[in-house]
Amino acid sequence: MTDHPHPIEDAIRARRSVRGLDGPPLAAEEVEALVALALTAPAPHHTRPWRFVEIGAARREVLADAMGSAWRRDLEADALPSKTVDRALARSRARITGAPTLLLGCLVADGLNRYTDERRWRAEWGLAQHSFGAALQNLLLAASARGFAAYWISAPLYAPDEVRGALDLDATWEPQAFVALGRPKGDYRPFDRPAPDLGTEFTRR
Ligand SMILES: Cc1cc2nc3c(=O)[nH]c(=O)nc-3n(C[C@H](O)[C@H](O)[C@H](O)COP(=O)(O)O)c2cc1C
């Protein structure tokens, strides 16, 4: 706790990526409450570019298989030793199949300005991605404040077609990230987080 009267600041400092997750899955209303908070994030041009999916147990194996095949192709093209590839894939599979609750966040381009030149379209899509980060931070902060453990998994961004296919998602939904959620395992210790370094990370002109 700190000596100022802003609980939000304590919540921001207290949030950590907690990868040691215990069950049970979050209740449906708990998931909906967290997603509803994510959906209050700022977004460009008054758009609502986010779509969230709760991924049930029945889809997890198919999803892990599809994403694993795509990642294996990438890692083998990088010429990584097969043991390293197998270890990475097994870890990733366990995170997908083992998360007590698994959410997928997607973006849609509804309401974005459609530019014909690549430079402005990239910037416009960048706006949507910024708002996705804001939405996920809302969700992670709210999860932490409610005593849940959660962390961001960026793998869907690297295998969007496989994720869409495994979950039967509309072609206009662009998978961005999973959030794995559960209860914090008693013995889990988050990685050290460096203190904010205003000397390097902030300047005035
Ligand atoms: C865009 C983005 C992608 C991330 N991808 C992953 C991921 O794939 N796997 C993972 O374990 N953590 C992932 N993280 C969590 C970061 O590793 C974590 O936020 C960072 O180490 C700082 O730790 P903290 O969240 O506890 O402050 C991601 C975070 C962000 C913002």
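In this predicted model, the lining of the largest pocket draws at least two residues from each of three elements: helix 3 (57-77), helix 4 (82-98) and strand 4 (149-153). Helix 4 accounts for the largest share of that lining, with 8 residues. The lining comprises 21 residues in total, and those nearest the centre of the pocket are Met67, Trp71, Ser92, Ile153 and Ala155. Sorted by class, 14 of the lining residues are nonpolar, 3 are polar and 4 are charged. The space within the largest pocket amounts to about 450 Å³.

The ligand is surrounded by Arg15, Arg16, Ser17, Arg19, Arg95, Tyr151, Trp152, Ile153, Ser154 and Arg193. Strand 4 makes the greatest contribution to the shell, 3 residues. By class, the shell consists of 5 charged, 3 nonpolar and 2 polar residues.

For arginine 16, a polar side-chain atom is found 2.8 Å from an oxygen atom of the ligand. In the case of arginine 15, the distance between a side-chain N or O atom and a ligand oxygen is 2.9 Å. A side-chain N or O atom of arginine 95 is placed 3.2 Å from an oxygen atom of the ligand. On its own the ligand has 630 Å² of accessible area, of which the protein covers 59%.

Most peptide bonds are trans, and most residues other than glycine have a negative phi. The peptide bond from glycine 23 to proline 24, however, is cis, with omega near -5 degrees. Proline 24 belongs to the loop that connects strand 1 (21-22) with helix 2 (28-38).

Positive phi values occur at two residues that are not glycine, histidine 46 and alanine 79. For histidine 46, phi is about 60 degrees. Histidine 46 is located in the loop between helix 2 and strand 2 (50-54). Its relative accessible area is 81%, so histidine 46 is classed as exposed. Alanine 79 has a phi near 60 degrees and is situated in the loop between helix 3 and helix 4. Alanine 79 is likewise exposed, because its relative accessibility is 63%, above the 50% cut-off for that class.

Technical notes: Residues numbered from 1 in each chain as written. Predicted model: local features only at pLDDT ≥ 70, side-chain atom pairs only at ≥ 80, totals over all residues. Heavy atoms only, no water. 1 Å grid on protein atoms, 1.4 Å probe; cavity = no way out; pocket = protein on both sides within 12 Å on 5 of 7 lines; lining within 4 Å. Points joined across faces, edges and corners; volume = space filled by probe spheres on them. Helix = DSSP H or I, 4+ residues; strand = E, 2+ residues; numbered from the N terminus. Nonpolar A, V, L, I, M, F, W, Y, C, P; charged D, E, K, R; others polar. Buried < 20%, exposed > 50% of the residue type's maximum accessible area, 1.4 Å probe, protein only. Near = heavy atom within 4 Å. Polar contact = N/O pair within 3.5 Å; in protein donor to acceptor, adjacent residues only side chain to side chain. Areas by Shrake-Rupley, 256 points an atom, 1.4 Å probe, with all protein chains shown as cover.
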